[in-house]
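Here is a short tour to read with the model open beside you. Take it one topic at a time, and look up each residue as you go.

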Amino acid sequence: MQPLSVTAFTATCAAGLGRAELLGALDAGRSGLRSNDFGREPLATWIGRVTDIEDAPLPAEFSRYECRNNRLAWMGLQRDGFLEAVRAARTRYGAERVALVLGTSTSSIGATEEAYTRLTAEGQFPEDLRYQAVHTPHSTGEFLQTVLGLRNVAVTVATACSSSAKAFAQGARLLELGVADAVVVGGVDSLCGSVLFGFHSLQLVSAEPCRPFDAARSGISIGEAAAFALLERDGAGPRLLGYGESSDAHHMSTPHPSGRGARLAMNEALNRAAIDSGDIDYINLHGTASTKNDEIEAQAIAAMFPATTHGSSTKGWTGHTLGAAGALEAVITLLSLESGLKPGNLNSRELDAACGPQVQLGNARGMVRHAMSNSFGFGGSNCVLLFAAAGAA
Amino acid sequence: MNLLANTPRLYVNGVALWSPRLPGWERARRILAGLEPAPAESAPRPAPELLPPTERRRAPDTVAVALEAALAACKSAGLPPHSLPCVFSSMHGDLAITDYMCATLASTPALVSPTKFHNSVHNAAAGYWTIAAECTRPYTSLSAGDHSFGAGLLETCMQALSAHENILLVAYDIDARGPLAAVALSKHLLSAALVVSPERGTNTLAAFELRLVTGEALTPSGARAENAALVAGNSTESCLPFMEAIARGGTHDVLTLATPTLGLDTRIEVF
């Protein structure tokens, strides 16, 4: 495909608010995970919680969108000049030419969960939560379209953990076909009971901070994040070279045993970018620290990439931010391209025997010209993004 | 203003529709065209034949209606289900499971059912479809409020034009349950499916020219009142004008919204 420019990007998560804090935490090996203190009956686990969301209400004019997810989206827009970059694109092209594709898994379901804990005597939602805007998956997409004043495509992608990686692919098609001149892509997912107790019910939640690719890993740590990028056909910045999408066609909550879908998506991304696996300097792996994902992903990486490719999961810093993970980890991949920092697997001590030489415990530094980001979702939805540094061939 | 530089022509190579009073395309086509009356009785929930027999009854409503239309559209197009990239769209996902999850979290959070949880994701229907169809092609699962059908149709057209191949669209919503029903307004079961491509297929039903228009005061096309009443209140009811045009035959201009200010302006020519 014709490479696209990433002219602005930002991320807000437990490991940092904005790019500088996030890069600092990655470099220093400083995890954002903490013992679970979310909700009324916190499970014994660790979470990647963004502090201060509770103290950051939306501007009054947007109060009908009030909920944790939309607050996190609003916080995320304020960093790294992202809001200004979108406004400048809107001025440059017109609101009709700037699209929005947002990935999320649970969107503002936290508001619906809260309503059920405060039902009236008649079994109705409480007065302050009796509005449709937050009780639907497109809540955050509609909120962002409204606050950004955009009039092109505005849509929510909800394919679980691949959601916001797929937002990049869908956005790229809008640019390719000339429907839009700029696309805001991103992911926003916030902590809620559904995912904490839901993943717990599947016995996938770890009692300790997650340890991706560790031989003794014991499950995931759930996190929350808002991450955004602005894609344009031309402009300064790193480039989106390709994407690959596939389905496992195997099981709703466990990956295909040979990593069939993951390999298909990685190969398609390489083909679309017209580069070889040997050109990839860094891969931000999906690496949830669940037993099966990490084993299968490590085997696929070992089979497909040379020993010179450095691979890691950054979920030890951020937790698994689910529908926001694709965009958050795309931002981390872009930071790697900019800084030369290749993160390791934080919290992990001894790598699983399935890992090849690509998967690294510690951080490294070096030239990063091409880098990939893997997102493999629940329901067997896979998406791989491939980026190049600004100025790289 | 057309957001596209040209006016691409796309083909409807397969079609399907299911709702309790429009149970399957062949009857729906005759009912929507005014050739026969709608049944007075609602049809029972479909049992998608692609699912293993043990799962047909247990499947969530969203999965049942979505898979019914998905398979019927593939058959209509004469294409194997495993061969098609697919776009699923639904305003709400499975409202019955959302009600279950929220009620359980409010009372006994530690007792959330793992099966209900993995069926609660918005992409459950798409996930079950690709598993049942043994389809490793990509799927997506979209929501855009009341305009989810239009947003799904738009992405289907984008994928078809980008990849020059047949893409399966499956749009669906179900009825809301419990306290949620007061704020998530959706009734009945409804699914609509299309196979869309820039190339004619063997069983092509219609062609349409696509323009993407923007504006403050876009008025979507309406279906005939007696037809609209058959699916009224379902959050995917905005599919009906497009589906009705195919059912009636002839040439029709249909405007389908993908957002409040963006519409798919289609001139549909039925063969």
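This is a predicted model: local features need pLDDT of at least 70, side-chain atom pairs count only at pLDDT 80 or more; totals for chains, interfaces and linings use all residues.

Residues are numbered from 1 along each chain as its sequence is written, while chains are lettered from A and ligands numbered from 1 in the order in which they are written. Helices (H or I, at least four residues) and strands (E, at least two) are DSSP runs, numbered from the N terminus.

**Where the chains meet**

- Chain B has 59 residues in contact with 59 residues of chain A; contact means that the C-beta atoms of two residues, placed from the backbone, lie within 7 Å.
- On the side of chain B that touches chain A, two or more residues each come from helix H4 (95-107), helix H5 (114-119), helix H6 (124-133), strand E4 (139-143), H7, strand E7 (206-214) and strand E8 (251-259) of chain B.
- H7(B) gives the largest share of that side, 7 residues.
- Sorted by class, the side of chain B that touches chain A holds 36 nonpolar, 20 polar and 3 charged residues. Here Ala, Val, Leu, Ile, Met, Phe, Trp, Tyr, Cys and Pro count as nonpolar, Asp, Glu, Lys and Arg as charged, and the others, Gly among them, as polar.
- Strands also link the chains: strand E6 (residues 154-157) of chain A runs antiparallel to E4(B), joined by 2 bridges. Two strands pair if DSSP finds at least two bridges between them.
- Within that pairing, A:Thr156 has B:Ser143 as its bridge partner.

**A helix crossing between chains**

- Helix H6 (residues 163-176) of chain A and helix H7 (residues 148-163) of chain B have axes that come within 10 Å and cross at roughly 65°. Axes are lines fitted to C-alpha atoms, for helices over the stretch in contact, and angles run from 0 to 180 degrees between N-to-C directions.
- H6(A) and H7(B) are therefore roughly perpendicular to each other; that label covers 65 to 115 degrees, with under 35 degrees roughly parallel, over 145 roughly antiparallel and the rest oblique.
- On the H6(A) side, the contact is made by A:Gln170, A:Arg173, A:Leu174 and A:Glu176, and on the H7(B) side by B:Glu155, B:Met158, B:Gln159 and B:Ser162.
- By class, this contact of H6(A) with H7(B) has 2 nonpolar, 3 polar and 3 charged residues.

**Strands in chain A**

- All 8 of the 8 residues of strand E7 (residues 182-189) of chain A are buried. A residue is buried if 20 or more other C-beta atoms lie within 10 Å of its own, exposed if 12 or fewer, and partly exposed in between, with C-beta atoms placed from the backbone.
- A:Ala182, A:Val184, A:Gly186 and A:Val188 point one way from E7(A), whereas A:Val183, A:Val185, A:Gly187 and A:Asp189 point the other way.
- E7(A) runs parallel to strand E5 (residues 98-103) of chain A, with 6 bridges between them, and A:Gly103 stands opposite A:Gly187.
- E7(A) also runs antiparallel to strand E9 (residues 225-232) of chain A over 8 bridges, and A:Asp189 stands opposite A:Ala225.
- Elsewhere, 3 strands form an open sheet of mixed pairing in the order E3-E4-E8 (chain A). Its edge strands are strand E3 (34-35) and strand E8 (222-223) of chain A, each pairing on one side only.
- Strand E4 (residues 46-48) of chain A pairs with E8(A) in the parallel sense over 2 bridges, and A:Ile47 stands opposite A:Ile222.

**Covered helices**

- Helix H4 (residues 109-117) of chain A is largely enclosed by the rest of the structure, because 8 of its 9 residues are buried.
- The buried residues of H4(A) pack against helix H2 (68-77) and helix H7 (193-201) of chain A together with H4 of chain B.
- Helix H9 (residues 240-248) of chain B is mostly covered, with 8 of its 9 residues buried.
- Just after H9(B), B:Gly249 takes a positive phi of about 80°.
- Helix H1 (residues 25-32) of chain B packs on H9(B) at an angle of about 85°, with the axes 8 Å apart.
- That contact is made by B:Ala28, B:Arg29 and B:Leu32 of H1(B) and B:Met243, B:Glu244, B:Ala247 and B:Arg248 of H9(B).
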